[in-house]
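Student: Could you walk me through this structure?
Tutor: Gladly; have a look at it first.

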Amino acid sequence: MDENGNIDASLLPGDVDDAKMVSMYKYMLLTRALDAKILSLQRQGRAATYAPSLGEEAVHIGAAFAMRKQDFFVPNFRQHGMYIVRGFPLDRFVLYWKGVEEGDAIPKGFNGLSVSVPVSTQIPHGAGIAYAFKYRKQDAAVLTFVGDGGTSEGDFYEALNFAGVFKLPLITIIENNQWAISQPRSRQTAAKTLAQKGIAAGISCVQVDGNDMLAVYKAVRDAIANAKNGPTLIEAVTYRLSMHTTSDDPTKYRTDADVAAWQKKDPVARVKAYLAGKKQWDDAMEQKTAEEQQKQIDDAVAKAEAFKPDPRSMFENVYSFMPEVLKQEEDAAESANFWR
Amino acid sequence: MQMNMVSAINNALDIALRESNDVVLLGEDVGKDGGVFRVTEGLQAKYGEDRVIDTPLAESGITGTAIGMALAGLHPIPEIQFAGFMYLAFDQLVSHAARFRSRTRGTLTVPMVVRTPVGGGVRALEHHSENPEVLYSHIGGLIVVEPSGPYDAKGLLLRAVHMQDPVVFLEPTRIYRLFREEVPDDAYEVEIGKANVLRSGSALSIITYGTMVQPVKNVVEKKRVDAEIVDIRTINPLDEATVLASVKKTGRAMIVYEAPLSFGAGAEVAARIAEKALYELQAPVMRVAGPSLPYPFPAYENFATPNEKRIGDAIDKLLSA
């Protein structure tokens with residue numbers, strides 16, 4: 001799908017119909033609305049540091065729709081749309097970004113990990129989970145994410161290398177949003193593409209337009225279909241329209257003109273144009289959806305804000321048992337009223 | 001059956017692999033080669049290449065992959081060939097193994113046992129004689145165990161494999177083949193987080209673990225001193241109660257360990273004694289440890305590691321204080 005929402009119908013995946021496209025588009029809108037809400041909460045001091053996903057929604061929604069229920073999701077920290085599509089409770093998602101561990105608690109059957117802040121360190125976990133699937137002869141694949149900056153880390157290569165040697169059902173998506181905080185993609189590697197890093201590990205690799213939801217969808221679907229034969233590395237070329245996190249000021253290192261050029265390639269607008277062209281979407285639907293989603297988001301925020309942290313939960317989830325020495329520290333803090 | 005520590009650990013791993021299909025071993029040269037110290041000898045032939053896994057040479061990759069296996073419900077036992085190479089895996093242990101349970105409030109856990117040889121005394125190359133027990137203990141979330149002999153090694157390892165926590169299992173290289181002990185063939189567990197009073201006494205308490213247990217025992221025997229020897233066995237979490245009970249009884253405390261003196265296990269034990277048993281002390285707490293420097297090359301290691309003479313002199317000094 002190009003920037004104006006035109007598609008080459010011969011490339012459209014057979015299992016994508018209009019209804020599915022509408023559903024995907026709604027998730028894009030929800031992701032973007034929630035993103036804006038948490039950013040706003042952070043600016044009001046009601047959320048902790050937040051990493052917006054603005055401009056990268058096609059990667060997350062395209063990949064999430066390509067996955068089967070049994071496939072497993074190993075994030076870093078920006079795959080908000082993936083959490084939402086896969087049914088992570090929105091209030092818990094908000095809670096996480098309010099800086100509360102209880103928001104990182106994984107619901108049963110979610111088939112995914114918690115947020116991983118140190119970039120690329122989660123990819124070996126993906127390899128290990130993929131090993132477990134293969135070992136147990138389970139028909140399931142693991143989908144991991146890493147940024148362009150993260151591909152410079154050793155764990156990125158170590159995990160791809162393991163996955164190649166053991167032919168693991170591991171799919172790694174490089175979410176190449178052009179910026180690792182202040183440093184451009186050209187500062188990460190002299191390699192022409194990030195996808196080609198898979199060649200050194202002897203695994204399949206492909207580069208797609210990360211602002212084209214259908215391209216991401218197809219690449220992930222193909223990789224899942226091939227997962228029993230081994231891993232795939234997918235470079236999704238996209239752009240971070242917003243800041244790295246709320247503590248970052250992108251005007252220090254890039255121009256408005258750079259950003260404007262990518263705004264024209266907005267991944268959400270092009271899906272809307274496509275659907276509108278097919279008479280599957282109009283402004284009234286957009287308005288109605290926005291209202292419904294805002295309600296959903298407000299409810300989630302209200303629930304998250306009602307949460308009261310219990311300091312005991314810090315102590316009681318460190319080991320499978322409570323060591324006597326740790327218990328002493330917990331009891332001492334409580335009896336001295338440090339938590340009141 | 002009489003076993004040295006290598007055969008006791010091999011036997012424990014054999015039992016663990018037999019007990020559950022979820023248990024897998026992985027590491028460099030652990031399969032065909034049986035490990036560079038032959039601790040995993042014969043296990044790949046018995047359990048197959050997908051359960052005793054020869055991996056690429058990458059410590060962070062081994063540990064990170066093991067964490068993923070554990071998150072997916074397996075119970076991996078990765079081996080890091082030497083503790084000096086485990087710094088490459090440090091981030092995975094500290095940033096993830098130690099934190100998953102806490103960050104997800106118990107919804108994701110990392111049941112695994114990372115084994116690695118530690119300590120000097122075998123004239124090995126640089127990086128092959130490290131004593132990193134405190135590095136892993138300081139974090140919170142990792143259990144750190146260091147056995148001092150074959151019986152404890154087997155029992156502690158089996159206990160570790162039955163827990164739902166990440167355990168760093170440190171195996172003193174020097175003791176691997178140093179002596180044999182009677183070790184039952186069947187499965188048994190030695191409690192983790194519980195110190196072992198090896199010898200009861202009333203004149204002083206010597207708190208020690210791992211490689212220093214043997215020289216301490218030898219000195220106490222030779223000098224015929226009425227010392228209480230406490231082998232703490234688990235560095236983290238520390239069995240404070242056993243240490244304090246002993247020190248309150250004897251009034252004199254010495255901590256003996258091979259790792260560098262400063263910021264070591266001795267500091268932690270001494271601080272707890274100072275906080276909770278100061279008025280029962282008849283003399284200042286004493287530490288006997290390696291010097292506060294990077295572990296030396298083999299030609300110098302005998303000048304660095306605490307030996308029987310140093311321990312004996314320290315006992316004389318503490319008893320006369």
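Student: What should I keep in mind about the model and the numbering?
Tutor: This is a predicted model, in which local features need pLDDT of at least 70 and side-chain atom pairs count only at pLDDT 80 or more, while totals for chains, interfaces and linings use all residues. Residues are numbered from 1 along each chain as its sequence is written, chains are lettered from A and ligands numbered from 1 in the order in which they are written, and side-chain values use heavy atoms, with hydrogens and water left out.

Student: How many residues does each chain give to the contact?
Tutor: Chain A gives 37 residues and chain B gives 50 residues, where contact means heavy atoms within 4.5 Å. The two chains bury about 3,500 Å² between them, with 61% of it on carbon and sulfur atoms; buried area is the accessible area (1.4 Å probe) that two parts lose on being put together, summed over both.

Student: Which residues of chain A lose the most area?
Tutor: Tyr135(A), Phe162(A) and Tyr319(A) lose the most to chain B, and together they make up 19% of what that side buries.

Student: How many salt bridges are there across the interface?
Tutor: The rule, a side-chain nitrogen of Lys or Arg within 4 Å of a carboxyl oxygen of Asp or Glu, finds three between chain A and chain B. One of them joins Glu102(A) to Arg105(B), with the closest N and O atoms 2.9 Å apart.

Student: And over the whole structure?
Tutor: A search over all chains finds 41 salt bridges. Arg68(A) and Asp139(A) also meet in a salt bridge, at 3.2 Å from N to O. This pair links distant parts of the chain, 71 residues apart, with Arg68(A) in the loop between α2 and β1 of chain A and Asp139(A) in the loop between α5 and β2 of chain A; helices (H or I, at least four residues) and strands (E, at least two) are DSSP runs, numbered from the N terminus.

Student: Switching topic, how do α9(B) and α10(B) cross?
Tutor: Their axes come within 10 Å and cross at roughly 60°, the axes being lines fitted to C-alpha atoms over the stretch in contact, with angles running from 0 to 180 degrees between N-to-C directions. The contact involves residues of α9(B) including Val243(B) and Leu244(B), and residues of α10(B) including Val269(B) and Ile273(B).

Student: Which backbone spots deserve a look?
Tutor: Most residues other than glycine have a negative phi, and most peptide bonds are trans. The bond from Asn236(B) to Pro237(B) is cis, with omega near -5°, and Pro237(B) lies in the loop between β12 and α9 of chain B. Ile181(A), not a glycine, has a positive phi of about 50° and is found in the loop between β4 and β5 of chain A.
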